[in-house]
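Open the model in your viewer and keep the selection tool at hand. The stops below are given in the order in which to select them.

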Amino acid sequence: MLKTIQLDDANSAVVIVDQTLLPGAVEYISLTDIRQVYEAIFKLRVRGAPAIGIAAAMGLYIHMKQQPSGDFFCEFENGRKYLSGARPTAVNLNWALGEMAAALEKNRARPVGEILVALKQTAERILSDDSRICRAIGRHGAALLKPGMGVLTHCNAGGLAASEYGTALAPVYAAQEAWVDVRVFADETRPLLQGARLTAFELQNAGVDVTLICDNMAAVVMAKGLIDVIFVGCDRVAANGDTANKIGTLMVAILAKHYGIPFYVCAPSSTIDPATATGGHIVIEERDGKEITHEWYKTPLAPENIKTFNPSFDVTPANLIAGFITEKGILQPPFSCKW
């Protein structure tokens, strides 16, 4: 399994797999300043809620290594605010930056060198905790799987979206390690094709039985009885259980309800945002329409100057969700009383 993100402290760099090049090429790139980290998050070179948080924490640490002592605290806050604007929807980004801020405050009276050590340790802890948490999600989710079951997933919430194991694909990997083989159907996930480029790539490399389908084929595979359970990741969970995930997730959840298929959201508890009351309060990132009309084509797919609407996420209401699979176990409705 690829190491999606690593800290190269000796060279003051965050090292990531450039996911915009997958599956055609596996290329590691070194991000050596805060602008490069911001660009990598914004341009989806590193993506997935857990991985974004890890990258931001490591990026803030290497940024602070480069600062003169006199401007240290002011520059920390400037750097934190700058990185927090890279992606507005994923709560893990600001959660990780908040962990770094807490480490700074705890050590504020110490020499700068000791503060840097604390920041580095915090960034590394966020990375190691993510690995542990994702494996726990995998164990809990794998308990729902039996040999031969069909699993549908949307977007990419596997090892490429986290430190290694992932969230929505973690139950599949845990089941595989326990010799429980399942069949996975991966939605392509327009317009950026994370399912086609990333999920299909990593599952195939892991030896999992994976079938790629277009987004508009999800109803057909459900109607044919090929899907027993659905696992998706998420970027933010509101206090009432409404969940923001990659655009198209809502359609999958509605179809699952119609066909009586359990729809589970797999996420670390840090993705739950009690401060956001409902899904209607979640800020949804809107991206350049060229991702729809130009991204994967030698010539434009659509008419010139066509209007586009390109929200990166949608919100699935809590009443369509069978449960949340977190590192703490499987949470079932009602959700708001269990956070």
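Begin by selecting Leu 226, which touches Gly 150, Arg 183, Phe 185 and Val 221, with residues up to four places away in sequence left out; contact here means heavy atoms within 4.5 Å. This is a predicted model, in which local features need pLDDT of at least 70 and side-chain atom pairs count only at pLDDT 80 or more, while totals for chains, interfaces and linings use all residues. Residues are numbered from 1 along each chain as its sequence is written, and side-chain values use heavy atoms, with hydrogens and water left out.

Leu 226 sits in the loop between helix 8 (218-223) and strand 7. Helices (H or I, at least four residues) and strands (E, at least two) are DSSP runs, numbered from the N terminus. With a relative accessible area of 29%, Leu 226 is partly exposed; buried means under 20% relative accessible area, exposed over 50%, and partly exposed in between (1.4 Å probe, protein chains only). Show the C-alpha atoms of Leu 226 and Arg 183: they are separated by 8.9 Å, and the two residues are 43 residues apart along the chain.

Next, select helix 6. Six of its eight residues are buried, so helix 6 is largely enclosed by the rest of the structure. The buried residues are Ala 170, Pro 171, Val 172, Tyr 173, Ala 174 and Ala 175. Their cover includes helix 5, strand 5 (183-187), helix 7 (194-205), strand 7 (229-232) and strand 10 (263-266). Just after helix 6, Trp 179 has a positive phi of about 65°.

Helix 5 (residues 112-142) and helix 6 (residues 170-177) pack at an angle of about 70°, with their axes 7 Å apart. That makes helix 5 roughly perpendicular to helix 6. Axes are lines fitted to C-alpha atoms, for helices over the stretch in contact, and angles run from 0 to 180 degrees between N-to-C directions; under 35 degrees counts as roughly parallel, over 145 as roughly antiparallel, 65 to 115 as roughly perpendicular and the rest as oblique. On the helix 5 side, the contact is made by Cys 134, Arg 135, Ile 137, Gly 138, Arg 139, Gly 141 and Ala 142; on the helix 6 side, by Ala 170, Pro 171, Ala 174, Ala 175 and Glu 177.

Now pick out aromatic rings. The structure holds six aromatic pairs. Rings of Phe, Tyr and Trp (its six-membered ring) pair if their centres lie within 6.5 Å; planes under 30 degrees apart count as stacked, over 60 as edge-to-face and the rest as tilted. The rings of Phe 72 and Phe 73 have centres 5.6 Å apart and planes at 85°, so this pair is edge-to-face. Phe 72 is buried at 0% relative accessibility, whereas Phe 73 is partly exposed at 31%. Tyr 165 and Tyr 173 form a tilted pair, 5.9 Å centre to centre with 45° between the planes. Both Tyr 165 and Tyr 173 are buried. One aromatic cluster is formed by Tyr 38, Phe 42 and Tyr 82.

Finish in the loop between strand 10 and helix 10 (290-293), where Ser 270 lies. Ser 270 counts as buried at 17% relative accessibility. What does the side chain of Ser 270 make a polar contact with? The partner is the side chain of Asn 92, at 3.2 Å. (A polar contact is a pair of N or O atoms within 3.5 Å; within protein, one must be able to donate a hydrogen and the other to accept it, and residues adjacent in sequence count only if both atoms are side-chain atoms.)
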